[in-house]
Amino acid sequence: MSKRILVYFLLMLPFISMAQKKDKHAKNIAATITVDDMKKHLYIIAGPEMEGRNTPSEGLNKAADYIESQFKAMGLAPGNNGSYRQYYNLYKDSMIGSTMNINGVTMELNKDFQPQASNYAAEMRFSEAVFAGYGISEPGNRDDYKDLDVAGKLVIIADGSPSDFKSELRGFASPTSSFGKINAAMNKGAAGLLIIYNNFPRSEMRVNNNWGLNSFRPTQMPLTFNISENVIAKIMGEDGKNIFSKLKEGTLASKTYSVEIEIGFAKQTQTTTASNVIGIVEGTDLKDEYVFITSHYDHLGKRGDVIYYGADDDGSGTTGVLEMAEAFAKAKEMGKGPRRTMVFMTVSGEEKGLWGSAYYANHPIYPLDKTTVDLNIDMIGRTDSSRHYGDTLNYIYVVGDDKISSDLKVISEQANKLYAKLELDYKFNDPNDRNRIYFRSDHYNFAAKGVPIIFYYDGMLKADYHKPTDTPDKINYPLMVKRTQLVFYTAWEMANRNEMLKRDMKLEIPKR
Ligand SMILES: [Zn+2]
């Protein structure tokens, strides 16, 4: 066999090992994914009763009950050791009191000082405080803590930055942001931190923190308070007067001030739970390998009485998961079940920061190294009004099939060519795409653990995205069926092929 033929043969190998002709069973099963079924599910999931499915909320729990009841009715087995639920805790801190006394004089809450809502409960008394200028610390750029030892001490810094200061980092990561400065003080070992603001108070004091996933963290921030210029004059005397203009002029050096300061913060922590809903169709000879199909069933909830229905985001994906679960369960009934185990998981907390999928990825029920792929669907029921090329009514954005595994794109394109015949648009695969779509939905928590993923998305960013007007009557159901069937056919091939997907490409995380 000539060298050239051999090379050609090796290149074509992935194609040859894939089913070249239609699998009639797959076709028959895919036909069970219908407009009527999808409408039935979506009008319930994105109906008023679910109240926009905020995490956590009663509406969310009702939606989870519905999904679980459907998994049961379809004959799926519980996906979490006998349960259809993977619960995770959520915490919400609420301040119940805060105090500040300087040299025996009581400061007034909200008028003179405001605590950070993320503080932990503590009472502290300091006999001195270290002034550290703007408190900016960025390696190789600027360090206002140079030659200062603030370990275990109370530190005072000022909001803002010198006019000539420049940094690449933006937003939360910026060394001039309050988060960046609190972080710097923490890294220097400060126990307490006072941040001076002019025009204080700037905003209404936040008594309630938001619900959060992680009440347990590896490090603790210093006990932090925002203070007014009046307060700083009581600590630093003359030096503290007109402090912002002195800082601008650069005439104020770092210094330790003797002062008796008492600071206190008291809070209560509410705990509740939210859940991921998981059902499986067990495989046969390769049942210890897993194909995940995921979506998020949560959305934004209500603002006052206004419900954010989230029909496309991500009621459409959740409906897709239900329809594919039913399809694979039917295949199993017909003796054409998947060789690998199919895991259907609808997660919550996506809108809050990918909470449910983060929790799963950190507490996997099935080994991640045996998880051959996660096919994630988030918004597949509408179209992108800014897409003015190709067939605007017959496309899907495919994201991430060019990462982690070179098998992904081959299988995805073959499934589309054989069955779905949609336009596969890779616009969001561009690493320079400002939307950073790859990092913004639940598949990312699988990818970050090395699991190959494909993300399916319609790009409906304008129109009704994150608005109360994202309702079931606006969904393009025939297109949603076609897109769901594409994912079904792709999953079918991945569940039945001999090999797990190769993991032969490193996941490059572009800088923010
Ligand atoms: Zn979404």
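What is the volume of the largest pocket? In this predicted model, the largest pocket has a volume of about 1,400 Å³.

**Figure 1. Centre of the largest pocket.** The residues that lie nearest the centre of the largest pocket are Q116, A117, S118, R206 and N209. They belong to a lining of 42 residues.

**Figure 2. Secondary-structure elements around the largest pocket.** At least two lining residues of the largest pocket are supplied by each of strand 2 (85-102), strand 4 (113-115), helix 5 (178-187), strand 10 (223-227) and strand 11 (255-281). Helix 5 provides the largest share of this lining, namely four residues.

**Figure 3. Residue classes in the lining of the largest pocket.** Polar residues number 18 in the lining of the largest pocket, alongside 16 nonpolar and eight charged residues.

**Figure 4. Centre of the second largest pocket.** The second largest pocket has a volume of about 280 Å³. It is lined by 18 residues, and those closest to its centre are E350, E351, R440, S441 and Y465.

**Figure 5. Composition of the lining of the second largest pocket.** Helix 9 (350-353) and strand 19 (453-457) each contribute at least two residues to the lining of the second largest pocket. The largest share, four residues, comes from helix 9. When the lining of the second largest pocket is divided by class, eight residues are nonpolar, six are charged and four are polar.

Terms used:
Residues are numbered from 1 along each chain as its sequence is written. This is a predicted model: local features need pLDDT of at least 70, side-chain atom pairs count only at pLDDT 80 or more; totals for chains, interfaces and linings use all residues. Side-chain values use heavy atoms; hydrogens and water are left out. On a 1 Å grid over the protein atoms alone, a cavity is a set of points where a 1.4 Å probe fits but cannot get out, and a pocket is an open set with protein on both sides within 12 Å along at least five of seven lines; lining residues have an atom within 4 Å of a point. Grid points are joined across faces, edges and corners, and a volume is the space filled by probe spheres set on the points. Ala, Val, Leu, Ile, Met, Phe, Trp, Tyr, Cys and Pro count as nonpolar, Asp, Glu, Lys and Arg as charged, and the others, Gly among them, as polar.
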